[in-house]
Amino acid sequence: MSSTSSPALTTADGGAPGPAGSAGSGAPADIRLIVTDMDGTLLDDGKRIPPGLWPVLAELRRRGVLFSPASGRQYATLAEQFAGADEGMVFIAENGTFVVRDGVELSSDPLDAAVAARLVATVRELAGRGADVGAVVCGKRSAYVERSDEPFLAEVRKYYVRHRVVADAATVDDDIIKVALFDFGSAERTVAPALAPFTATHQVVVSGEHWVDVMNRTADKGAALRRLQRDLGITPAQTLVFGDYLNDLEMLDAAEWSFAMENAHPEVVRRARHLAPSNNDNGVLRTIARLLDLPAELLPGEPRAAATGTGARD
């Protein structure tokens, strides 16, 4: 949904934010790393990348600011989406379980194959009881599915451009980093409760209305971001993060400049320090332009002045 009044880019006292620790100073923020979720955050509800992103990326590169997509999506999918503009970009893929820069793996957190097999068996059991669900076993080289019907594969293609239909997804020859479960109904109400036996030992994250991701307890977007910050010598005060759903919570905690999208999940809005305009109002780019004082011509026609409402969070 599109909003006409954006409660974005304000601090607790209602002023426009400047550098960390000096909100309202009017100077560009000292931001060295920008991390954004994709679906519901950078992408609009039609799953489109905002056309203004490409000149903004060029300007960020000129300034030495690192841009990092952080998503439940597969690395191959993200690399395809940013092809031609991905030099030096860090991809935090598969909800933080696989981090890649310039085609080189920076970190990963593989899932035990026996756990992946149990998850596949759980999905088969749910399907046997009539649930319209399917498992995506996410490897470093490819994703693997057992369902071959077109409605399911159409959903898989959105996030996993590199995928294969196999007879037994529990026995694939790959480093498994995550198992994603898709529910044509409500994942939060159907699939997530069925995964209760895994919650004591693994991360079970509702990553969208229809998706639940299961990973190692040590893996999430926040853990991947903190590792990246340490490696690059970038502090939380120099990090800007955008998110909209429950799998973004930990990475919001890793940044002082943490923004929930205006139409984010209520828990995300509570957890973030600030609000940005919605994903359908180009909230990510408008916020970046405001905080870094980017040239107005980079986002022609964008109502940057409107992004100074009073919906403060801190």
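**Figure 1. D102 in a loop between two strands.** D102 sits in the loop that links β4 (98-101) to β5 (104-108). Helices (H or I, at least four residues) and strands (E, at least two) are DSSP runs, numbered from the N terminus. Phi of D102 is near 50 degrees, a positive value in a residue other than glycine. Most residues other than glycine have a negative phi. The model shown is predicted: local features need pLDDT of at least 70, side-chain atom pairs count only at pLDDT 80 or more, and totals for chains, interfaces and linings use all residues. Residues are numbered from 1 along each chain as its sequence is written, and side-chain values use heavy atoms, with hydrogens and water left out.

**Figure 2. N282, a buried loop residue.** N282 lies between β14 (274-276) and α10 (283-291), in a loop. Its phi is also positive, near 60 degrees, and N282 is not a glycine. N282 has 14% relative accessibility, so it counts as buried. Buried means under 20% relative accessible area, exposed means over 50%, and partly exposed is in between (1.4 Å probe, protein chains only).

**Figure 3. S186 and its contacts.** The loop between β9 (176-183) and α6 (191-194) holds S186. S186 is buried, with a relative accessible area of 13%. Not counting residues up to four places away in sequence, S186 touches V191 and E209. Contact means heavy atoms within 4.5 Å.

**Figure 4. The largest nonpolar core.** This core has 84 residues. A nonpolar core is a set of buried Ala, Val, Leu, Ile, Met, Phe, Trp, Tyr and Cys residues joined through side-chain atoms within 4.5 Å. Those with the most contacts inside the largest core are I34, L60, F67, F82, L240, F242 and I288. Helix α4 (residues 113-128) gives the largest share of this core, 6 residues. Apart from this core lies another, of 15 residues, among them F98, A143, F152 and I177.

**Figure 5. Close-up of L240.** Leave aside the neighbours of L240 within four places in sequence. L240 is then in contact with I31, L33, I34, V35, W257, F259, I288 and L291.

**Figure 6. The protein chain around these views.** The chain contains 10 helices and 14 strands. Of its 314 residues, 56% are buried. Take the contacts between residues at least 6 apart in sequence: 57% of them join residues at least 24 apart. The chain exposes about 12600 Å², and carbon and sulfur atoms supply 49% of that area. Accessible areas come from the Shrake-Rupley method with a 1.4 Å probe; for residues, only the protein chains shown count as cover.
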